[in-house]
Each structure stands twice: as C-alpha cells, then as structure tokens.
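Subject: Structure for you to look at, with notes

Dear colleague,

Here is the structure I promised to pass on, with the sequence alongside. My notes follow below it, and I would be glad if you read them with the model open.

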Amino acid sequence: IGSCFPSSHLWTCKKYQDPTAKGASGRGWRHARARHHHTLPPLPELAKERFQAPVPAYYCNLQLGASMEPAVRAAAASCSSYPSLHPPRALVARRLGRSSGLSLPARRVAVAAAAIALDPETKTEQNDTSETEVFACPVCYEPLIRKGPPGMNLPAIYRSGFKCSKCNKSFTSKDVFLDLTVTSGMKEYSELKPARTELFRSPLVSYLYERGWRQNFNRSGFPGRDEEFQMAQDYFQSVAGGILVDVSCGSGLFSRKFASSGAYSSVIALDFSENMLRQCYDYIKQEETPMNTNLALVRADISRLPFASCSIDAIHAGAAIHCWPSPSNAIAEISRVLKPGGVFVATTFLSTPTNSGLFSIDALKPLRQIVGPVNSSYNFFTEGELEDLCRSCGLVNYSSKVQRSFIMFSGQKP
C-alpha cells in the first residue's frame with residue numbers, strides 16, 4: 001500500500017509495528033521492508049454502502065496503532081462527497097496533512113487505508129477463496145466455499161473447486177459441468193432413478209433431443225422454441241437482471257436463449273443427465289457462444305437443489321414436470337430457493353385421454369397411484385392439479401396459458 005507499504009504484506013518487527021512509535025523513521029521503516037515475514041490475510045469484506053465502510057482493522061487497530069484510526073476515518077468522511085466513485089489519492093492525502101499529527105510514513109499508510117475504505121471495488125480475493133453467491137451443499141444446504149477464479153461462466157466454474165465447510169464434502173468440475181448431486185464423488189455406491197428419468201441420461205436421447213424429439217411436441221400444442229421463449233420472458237419481466245436457473249434444461253434449448261438474451265445477471269443450466277449437459281456444451285461451442293457468457297452447467301437433483309434458500313430470482317422448467325419422480329418435492333424445493341418475489345415458470349403436457357387413458361377420468365384418477373407408475377413412463381396432470389400443487393408449496397399469483405394439451409403455468413414466491 002502506498003510507496004512504502006505493499007498491499008500484500010505486513011511487517012511484524014516489533015520496533016516497526018507502529019510508524020508513530022519512538023525510533024520509527026522513514027529510513028527505519030524502509031529497512032523493515034526487507035525483514036518482513038508475515039503475509040496479511042485477506043481484508044474483511046467492506047460494507048455495502050461505499051462511504052460508510054469501516055477502516056480495515058488490520059491497518060488501524062491491530063498493527064498500526066489505534067492512534068491512526070481517527071485520522072483515517074476523518075479523511076474518508078471528508079472525501080465522501082467527491083463526485084467520482086474513486087476519489088484521487090491526492091485528495092485523501094491533503095485531508096491527512098501535517099495537522100493530523102502523524103509522521104510522513106504513517107500518513108502514507110493512512111492514505112492507503114482510507115482509500116481502501118472509500119473504494120467500493122476493493123477485492124478480497126487475493127487467495128482466490130470466497131463463499132459462493134448461490135451454490136449450497138446438497139447434503140446440508142450450507143453455502144459452499146469456492147477456491148478458484150470468480151465468475152459464473154464455464155471457464156471459471158471449470159477451474160474452481162467447491163467445498164462445504166460444515167460436512168466437508170467436496171465438489172469439482174472434472175467434466176464440462178459442476179456436479180452438485182449428493183452422490184457426487186462416490187466410487188462404490190450408485191442408484192437408479194425411475195425409467196422416465198434414466199431415459200434422458202442416454203447418449204442417444206440426448207443427441208436426438210433437439211434433432212427431432214422436441215420438435216414433435218408441436219403436435220400436442222407446444223408453440224415452438226421462439227414463441228415459448230417469449231412467453232416465458234413475459235412472465236419473467238419482474239425479475240429481469242437477476243439469477244435464472246433453467247431446471248431440467250436438457251440440451252440447453254432454452255438455457256442458451258436465456259443467456260444470450262442478456263436479460264439476466266447469470267443463467268444456470270441444471271439437469272440430472274450428464275449426457276444432456278455434455279450436449280448443451282457441444283451446442284454452445286457450435287453456436288460460437290462466448291465462453292465467458294454468464295452461463296454455468298450444473299448437474300443436480302431437482303428434489304435436492306444445491307442453492308441457498310431465497311437465493312434465486314427466476315426458475316424455468318420446460319417440458320419437465322411430467323418426468324420428475326416427485327413433482328411435489330420438486331416444487332417445494334423450487335419454492336425454498338426462490339427469493340421473495342421470485343418467479344417460477346413451467347411447461348408440460350396436460351392429462352388427456354390420449355396420454356393418460358382411463359386415468360384422465362376423475363373417478364379413476366385414484367387408481368393412477370397404483371397402476372400408473374407401472375404402465376406409464378410419465379406423470380400427466382390436469383390444470384387444477386398443477387394449480388393446487390403450486391399453492392400447496394407456497395406459491396401465489398398462479399396463472400396459466402393453455403393450447404390443446406400444452407400448458408405454461410407460473411407461480412410467485414410471496
């Protein structure tokens with residue numbers, strides 16, 4: 001910091017701990033630089049309000065003497081009205097003139113400390129370790145500690161390691177995606193999901209999904225990718241600029257459009273299928289989407305979302321709920337991670353005699369719980385069931401748009 005106090009080191013030689021102490025001089029201080037043996041820990045996170053940030057204790061209270069703190073605070077406060085976000089160092093220096101009673105070396109250090117307090121963009125990532133913004137442990141839901149470059153983009157996520165500080169479980173991006181499932185890292189244990197879930201883990205289905213599979217949905221009333229995307233965007237207007245998670249994203253059909261729209265600070269493409277996420281990555285490369293786009297690929301279980309509670313602004317689930325093992329658990333998880341005011345938008349197939357047979361008749365619906373899982377690969381619901389499901393999981397302001405057996409519905413976290 002300054003010309004005599006580099007920002008990444010602290011000198012603990014007792015004689016030179018306090019530059020205002022007797023015997024400390026400019027020359028002596030310079031000699032002390034060659035005798036350093038301790039590295040300064042990362043600075044504590046500064047307050048959000050840029051001019052009310054406390055002066056870092058490392059520079060004032062612990063090592064440089066409490067006598068400096070009033071002068072530094074006074075300099076920072078006097079510069080708070082400066083029109084720029086970054087008051088020039090010279091302005092701070094003038095506020096710390098000879099009237100402060102500090103020696104020249106002490107003033108230099110105090111100027112640097114005041115500048116840190118005033119600078120809203122001071123970084124605390126000297127060792128590239130930080131607590132992640134939204135990712136949480138799928139086991140205990142504690143925030144994950146991230147070690148690596150910052151950013152919610154493919155290169156940064158790939159080069160980062162994640163660890164839960166509570167249960168010590170580690171998560172890595174050895175593949176093109178970050179695996180945040182409970183079974184991540186297990187070597188012996190494995191488990192199978194229902195057939196409708198395992199189907200989409202197949203490399204063949206992942207390859208065919210955007211090469212004819214998804215296009216067949218038009219026969220049931222699905223309006224097509226572009227119109228469906230715009231319909232979802234209309235629902236998400238109130239949360240534009242926030243974090244969006246595209247759950248059960250498949251090959252990223254909509255994840256890529258959400259990311260390229262620029263309407264969100266970050267987009268997380270989430271799916272349980274490893275091969276779907278790999279296919280999404282291939283499409284990103286083919287479309288020449290910038291790798292530093294705020295788009296992350298995450299493998300996770302929809303019933304165990306790896307996000308902190310109240311951390312997500314928008315969640316999209318395109319043609320997915322009929323594939324989920326437990327839609328009620330999934331919607332409950334979605335409600336948990338949404339911020340107040342957050343929006344959930346989903347599309348699916350409505351229950352009809354064509355896709356549900358006799359189970360579409362009200363009197364026979366109870367039998368679906370017994371016979372349905374055996375004879376059918378998917379769960380199809382009526383509009384009333386979907387509304388009841390959203391409301392029972394704490395979502396409000398339910399609304400929907402129906403076109404034949406296609407439905408887009410939405411709910412909001414109160």
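Leaving aside its neighbours within four places in sequence, S173 is in contact with I157, Y158, S160 and L178, where contact stands for heavy atoms within 4.5 Å. S173 sits in the loop between strand 6 (170–171) and strand 7, and with a relative accessibility of 6% it counts as buried; buried is used here for under 20% relative accessible area, exposed for over 50% and partly exposed for what lies in between, with a 1.4 Å probe and protein chains only. A polar atom of the S173 side chain lies 3.2 Å from the backbone oxygen of I157.

Before the rest, a word on how to read the model. It is a predicted model, in which local features need pLDDT of at least 70 and side-chain atom pairs count only at pLDDT 80 or more, while totals for chains, interfaces and linings use all residues. Residues are numbered from 1 along each chain as its sequence is written, and side-chain values use heavy atoms, with hydrogens and water left out. The chain has a mean pLDDT (the predictor's confidence in each residue, from 0 to 100) of 76, and 62% of its residues reach 70 or more. Over residues 1–66 pLDDT stays under 50, although the model has 121 contacts beyond four places in sequence for them, and over residues 80–90 pLDDT also stays under 50, with 16 such contacts. Where pLDDT is low, the predicted coordinates should not be read in detail.

Eight strands form an open sheet in the order 7-10-9-8-11-12-14-13, with mixed pairing; its edge strands, each pairing on one side only, are strand 7 (178–179) and strand 13. Helices (H or I, at least four residues) and strands (E, at least two) are DSSP runs numbered from the N terminus, and two strands pair if DSSP finds at least two bridges between them. Strand 8 (residues 243–247) and strand 9 (residues 266–271) pair in the parallel sense over four bridges, and V245 stands opposite I268 in strand 9. By contrast, strand 13 (residues 396–403) and strand 14 (residues 406–412) run antiparallel and are joined by six bridges, with M408 in strand 14 as the bridge partner of K401.

Strand 13 and strand 14 form a hairpin with two residues between them. R404, in the loop between these strands, has a positive phi near 55° although it is a residue other than glycine, and R404 is exposed, with a relative accessible area of 60%. Y141, which is not a glycine either, has a positive phi of about 65°; it is found in the loop between strand 3 (129–136) and strand 4 (143–147) and counts as partly exposed at 23% relative accessibility.

Which residues does A314 touch, leaving aside its neighbours within four places in sequence? They are F236, V239, I243, L244, V245, L338 and V343. A314 belongs to strand 11 (residues 312–317) and counts as buried, at 0% relative accessibility.

Eight of the 11 residues of helix 12 are buried, among them A330, I331 and I334, and its buried residues pack against strand 11, strand 12 and helix 15 (383–392).

In helix 8 (residues 203–213) the buried residues are V205, S206, Y209 and E210. They lie on the same side of helix 8 because they cover an arc of only 120° around the axis, the arc being that of the directions from the helix axis to the C-beta atoms. These buried residues pack against helix 10 (255–261) and helix 11, whereas the exposed residues P203 and L204 are carried on the face turned away from the buried side.

With best wishes

Notes
Polar contact = N/O pair within 3.5 Å; in protein donor to acceptor, adjacent residues only side chain to side chain.
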